[in-house]
Amino acid sequence: MDKLEFVINHIYELYQMGVRTIGDQAIYPKKFLKTQDPLACNPSLFQSICSNHRTASSKASLYEDQEFLYSVISMDTCYVIVGPVSLNRKTNSQIDCYFVQNMVENPGLRIPQYHRKSVEQITSFLYGILQEDYDESENLFQKDMVETNHCRKQEDTSRFRDDNSSKVEVQSDSEYRNEEIHWDLAEYLLNTSEEEQIHFSFEEEKKQAEQIIYGDYGANIHRKDEANIYSKKFIGKMAKTPIKQVEYECVCWITLMTRYAIEAGVSDAKSYALSDVTLQNLSVAKTTVEMRHVFDESMKEFDALIKEAKALKGKESPYIEQCKDYIAKHVYEKITLEDLAKEVGLHPVYLSRLFSMSIGKPVSLFIMEEKVKISCNLLKYSGKSIADIAEYMNLSPQSYFTRVFKKVMSQSPAQYRKEHRDKKFYED
């Protein structure tokens, strides 16, 4: 892979906008098919863009086509063309219509929305990287150097405030992207290329996600071969310190596993609750060892939830699934059989019989068990008193909470806390 191809691919990945070279060599990003390109499908559009660029007599120019913007950079043997980019919000039907007008039979290219100034800055960044002329890239889009193909009103990129008859120029931060990020990106791309650091492709990530959702998380996460998505080889450098790197890795995978769990059939409430608790524990971890411990424990719990959801999938009545979702969302509240019956639209007596037949236990016991599960985590990881936990779970007074807890766990809350408290994350 030469420099031009390398840069083209990364510009596409970073900004999610179409970019290609046309001329002696035609280069497209790996995930951007020529059949998706309006310029390849409609030669007259390409000719208009090139004609406008030659008229501009500049190393870079902009071309606006029906509120879709393109930018052009002249190279020795080809043009590098970025776009289309939408200058304002477009509906899917408007984008589809633009593809049809340009005879694109395989629409799949994403058209992002950017401010004109942002397109200029991205193009300047691209020019500086390709030509290695950073001073020139700073001046590419001076007003006297750029012509567009439409007569349009000059965009006012500044604001003026009248104060005691004097005008002060005020720039809108939302209209300008931080120029420093472009140079940081350039340095990052160079470093990752030299270190041969590559990210797992999105397609590969989806395959592994399917293995987790429909297969076995445990077998997947502990694979030792290079196909394991969790291998450090495929994780980018997200932080400049080791402890932050581990923290960000954990946050990323916890977020993904939350989505995977929901897709596998775990209720939203359970998935997000586990995610929130894990992130809270992660926030108080002080070493990478503690962070890995939090991460591993949460992954085991996600694995158990996914397996449970898959085992029950298709076996339960939709009414029972709806009841479980309601209980998970309102586990901190007082929940009655009448509440559930009203939620699912069934008679309480019929729902009670249906629940017992499906789950093998009364609905009241199931609710108590769910409350006790949450209580176990609070006893294990928090510094809340047993009385506070009882009130928090709507199981007060403490004597009633102790009776319920002992019925489910065969030991008192105090005994459970003494045996299971995780001292690493307990806060006084």
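Because Phe401 and Phe405 sit 4 residues apart in helix α18 (residues 398-409), about one helical turn separates them. In this predicted model, their rings form a tilted aromatic pair. Phe401 counts as buried at 0% relative accessibility, and Phe405 is likewise buried at 0%.

The structure holds 7 aromatic pairs. Another of these joins Phe355 and Phe366 edge-to-face. This pair links distant parts of the chain, with Phe355 in helix α15 and Phe366 in helix α16 (residues 363-381), 11 residues apart. Phe355 is buried, with a relative accessible area of 0%, and Phe366 counts as buried at 9%. Here are the two pairs side by side:

| Pair | Centre to centre | Angle between planes |
|---|---|---|
| Phe401 and Phe405 | 5.8 Å | 55 degrees |
| Phe355 and Phe366 | 5.4 Å | 65 degrees |

Elsewhere, ring pairs link Tyr12, Tyr28 and Phe32 into a cluster.

Now to helix packing. Helix α13 (residues 318-329) packs against helix α15 (residues 348-359) at about 95 degrees, and their axes are 10 Å apart. That angle makes α13 roughly perpendicular to α15. On the α13 side, the contact is made by Tyr319, Ile320, Cys323 and Lys324, while α15 brings Leu351, Leu354, Phe355, Ser358 and Ile359. By class, the contact has 7 nonpolar, 1 polar and 1 charged residues.

If you are wondering about cysteines, how many disulfides does the structure hold? The count is 0. For Cys250, the closest cysteine sulfur is in Cys252, 9.3 Å away and therefore too far for a bond. Cys250 is buried at 0% relative accessibility, whereas Cys252 is partly exposed, at 35% relative accessible area.

Definitions and conventions:
Residues are numbered from 1 along each chain as its sequence is written. This is a predicted model: local features need pLDDT of at least 70, side-chain atom pairs count only at pLDDT 80 or more; totals for chains, interfaces and linings use all residues. Side-chain values use heavy atoms; hydrogens and water are left out. Axes are lines fitted to C-alpha atoms, for helices over the stretch in contact, and angles run from 0 to 180 degrees between N-to-C directions. Helices (H or I, at least four residues) and strands (E, at least two) are DSSP runs, numbered from the N terminus. Angles under 35 degrees count as roughly parallel, over 145 as roughly antiparallel, 65 to 115 as roughly perpendicular and the rest as oblique. Contact means heavy atoms within 4.5 Å. Ala, Val, Leu, Ile, Met, Phe, Trp, Tyr, Cys and Pro count as nonpolar, Asp, Glu, Lys and Arg as charged, and the others, Gly among them, as polar. A disulfide is a pair of cysteine sulfur atoms within 2.5 Å. Buried means under 20% relative accessible area, exposed over 50%, partly exposed in between (1.4 Å probe, protein chains only). Rings of Phe, Tyr and Trp (its six-membered ring) pair if their centres lie within 6.5 Å; planes under 30 degrees apart count as stacked, over 60 as edge-to-face and the rest as tilted.
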